[in-house]
Amino acid sequence: MDIFSFLAKSDGTSLVDHTEHVLKAGKRLLSCLPISNEERHLLENKLLTAIILHDIGKIHPSFEHNLNNETGRIPIRHEIISLFIAESFLELSLLELFIIATHHKGIVEEGSSSKFLKLDTLTDHLNKQIIEFGDLKSEIKIFLKKWLEKFKVTLQFKSNLQASLENHKLSKETIRALIKSTQKKDIPKHEDRLKLSKLRGLLMAADHIGSARLEDQIPKMPIIEVHQIQPEQGFRNFQEKMGKVEGSCILHAPTGSGKTEAALNWVVNNQTSNSRIFYILPFTASINAMVSRLEEKLGKGLVTPLHSRTLDYFYEDVEKETNNYKKKSDEARKLSGLSREIFFPIKIATPHQIIKAALMGKGWEMNLWDFPNAIFIIDEFHTYDPLLSGLLLATVKWLEDNFNAKFCFMSATIPAFMQNLIIENVLGNDSSKIFRPDPNSETDKLILNRKRHVLKTCRNKSILDDLELIKDKIRRSIKNESVLIVVNNISTCQKLYNELSEFENREMLHGGLHKKDRIDIESRITNKDIKERPKVLIATQAVEVSLDIDYKIAFIENAPIDALIQRFGRVNRAGKNKKPALVYLYENIIGNVKKIYCEDTLTKTFNVLEKFQGFEISEQDLVGACNEVYQNGYNELQRKDFEQGLCHPVINNFPENVIAGYWDENVSDEIIKHDNAKIDILCFNLQEEYGKLKEVGRYIEANQLLVSIYSFQSTRKVKERDVIVARDIEYISKFGVRKFGKERDSNIL
């Protein structure tokens with residue numbers, strides 16, 4: 001057997017070349033991991049041995065047949081053939097055998113999906129494939145000797161080789177390790193199962209990177225220097241102090257005060273060699289904006305978004321460089337896949353991504369390599385529902401206890417009760433770890449005493465009652481100023497958009513837009529050239545995200561105080577106006593928002609803010625208002641949800657629950673509340689466009705026509721091919737979803 005004659009891929013890549021790519025990726029990954037030299041040395045031999053042997057099963061005649069024939073494919077699991085050859089001929093540990101066998105699929109679990117191995121693959125099916133090898137025992141041994149010589153590896157051959165390959169079966173020890181129901185019994189120590197898990201994750205990452213031919217591009221995390229993140233005007237006092245804080249903390253500072261720079265200065269002081277950085281934000285738009293912001297400071301190639309729409313982000317990013325749709329798609333998919341693996345050292349993510357790892361969702365084994373000594377900035381913590389907040393704090397405790405991770409919780413509006421939950425559960429009841437701007441400092445005093453808004457509360461009125469006033473303000477402001485209107489549901493947003501049709505330079509942003517339109521609209525309202533931005537923006541709570549926008553006057557429907565503070569933060573954001581900006585707040589909300597907002601919280605919010613009627617309000621005023629609204633903390637039901645997340649049995653008993661090669665495919669159900677779960681649908685009138693894009697292979701663009709809605713919004717959903725079609729919801733370009741016909745719902749959120 002000529003080792004150079006075998007192929008690894010249908011594109012003509014040889015088995016030798018592919019193995020060399022993966023080997024190089026493995027070595028590079030080891031050099032970039034946030035681990036000690038001692039641990040790196042212990043890993044190296046096992047990992048590199050497994051890499052050299054992981055694809056040798058591709059010498060099987062059936063695999064070669066499949067590469068050379070488009071029809072008549074023969075079912076074969078090449079990694080199980082690799083396992084068979086390795087176990088039959090070489091003296092290897094269970095660790096090496098296990099990760100070779102599972103570098104593509106998970107272990108055997110009855111009733112699981114095709115992403116997991118089947119028991120038959122390890123027994124009867126394997127026996128058939130062994131027979132197909134024929135009498136090649138001596139040839140395979142010669143191949144292995146040449147193969148190991150090629151890669152300069154010395155391994156011990158077994159002295160008691162079977163007379164024939166057909167007489168050999170996988171050992172019971174190996175098979176039982178590859179079955180979920182027996183692994184724990186045979187490998188009782190969780191430390192040993194964790195080793196299997198971690199090495200499996202490392203081999204998979206190296207294999208994916210080598211296959212993508214990016215082994216030479218694996219970025220090494222640099223030590224960030226102060227000059228890279230310092231504002232041009234220098235640090236404010238509180239930003240400077242954050243650069244001296246060691247360990248986990250809370251940063252409580254006003255919107256627009258430079259919290260991000262302060263947190264990055266904290267990173268500089270807490271970063272260690274190769275430690276990863278996670279910046280946690282609640283919304284995809286704010287995540288994408290933060291990726292761009294950090295790329296400007298630290299350079300491209302280090303930072304990735306990590307959320308449910310990462311593929312769309314990379315597709316748009318690649319589009320700037322090429323108009324070749326296939327090339328764009330392939331590159332975007334490659335980068336999107338790597339964003340979830342051990343590649344990018346800085347990840348801007350939703351909390352769901354790290355919670356999934358703690359709950360052992362798909363990819364958790366690779367995630368383990370990102371966490372040692374990791375630095376986490378958790379921004380806008382107050383925006384999460386009680387269950388998600390509990391799960392996030394449980395995950396934070398797990399990361400602190402097991403990986404020596406450090407956390408900076410950051411917000412302008414975090415209520416005191418939530419702050420106390422963090423102090424109690426994460427900061428060891430040490431309230432000295434809360435940092436705020438100092439009212440005695442000249443630079444900090446400027447932002448604390450800054451009065452950006454004059455509040456006008458409108459009791460017993462809705463925003464539509466003041467339509468003429470809004471039009472008048474727009475006419476007066478259209479030349480020099482901009483107007484923001486924020487409501488709580490899509491149909492009100494759309495109605496106002498139509499009512500204000502006389503103003504051409506207007507835009508609408510809400511959750512009922514499909515991905516394609518949303519990308520276009522967000523790019524317009526955040527255009528670097530402020531003159532190119534729309535003068536009138538009508539939006540729902542989608543505007544609360546950390547978008548870099550700044551309006552001069554606002555009309556806002558009532559919402560919980562923390563949400564309102566975010567909305568206020570989009571008006572006179574930098575506080576540079578000569579006069580504070582007018583903010584009109586309307587008590588009466590059009591439509592039903594009980595599914596997303598607590599009625600009691602809405603009432604308390606309006607009553608508390610009404611005290612500021614006609615006054616110029618400061619950041620301190622808003623913080624006080626927030627604490628007054630939430631002075632009693634969670635209600636009984638919310639507290640129950642929070643405790644359910646905080647005490648989650650999988651996270652709190654992670655070591656005991658470890659099963660190498662297994663993940664929970666339903667883990668998202670633990671994170672997303674069932675009653676508010678959103679689903680992606682295709683509006684009935686976009687079916688033709690969707691189909692045409694799919695026909696020509698523009699799959700990513702086709703999926704950008706899908707829109708996320710709450711499941712209760714459509715009563716006529718049908719599954720057609722690969723997508724859910726809503727027969728009672730139509731889509732209008734740049735306008736969004738609309739209930740069709742008699743069933744039209746005026747309360748689409």
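The legends below describe close-up views of a predicted model. Local features need pLDDT of at least 70 and side-chain atom pairs count only at pLDDT 80 or more, whereas totals for chains, interfaces and linings use all residues. Residues are numbered from 1 along each chain as its sequence is written, and side-chain values use heavy atoms, with hydrogens and water left out.

**View 1. An open sheet of 7 strands with mixed pairing.** The strand order is S10-S11-S9-S12-S13-S8-S14, where strands are DSSP runs of E with at least two residues, numbered from the N terminus, and two strands pair if DSSP finds at least two bridges between them. Strand S10 (506–509) and strand S14 (616–618) are the edge strands, each pairing on one side only.

**View 2. The antiparallel pair S8 and S14.** Strand S8 (residues 451–458) is joined to S14 by 3 bridges, and Lys451 has Ser618 in S14 as its bridge partner.

**View 3. Helix H28 (residues 619–629) across S8 and S14.** This helix, a DSSP run of H or I with at least four residues, runs at about 75° to S14, the angle being taken from 0 to 180 degrees between the N-to-C directions of axes fitted to C-alpha atoms, for helices over the stretch in contact (heavy atoms within 4.5 Å).

**View 4. Surroundings of Leu144 in the largest nonpolar core.** Such a core is a set of buried (under 20% relative accessible area, 1.4 Å probe, protein chains only) Ala, Val, Leu, Ile, Met, Phe, Trp, Tyr and Cys residues joined through side-chain atoms within 4.5 Å. It has 120 residues, and Leu53, Ile85, Leu144 and Ile348 have the most contacts inside it. Leu144 touches Leu53, Ile56, Ile85, Phe89, Leu90 and Phe157, not counting residues up to four places away in sequence.

Conventions: Buried means under 20% relative accessible area, exposed over 50%, partly exposed in between (1.4 Å probe, protein chains only).
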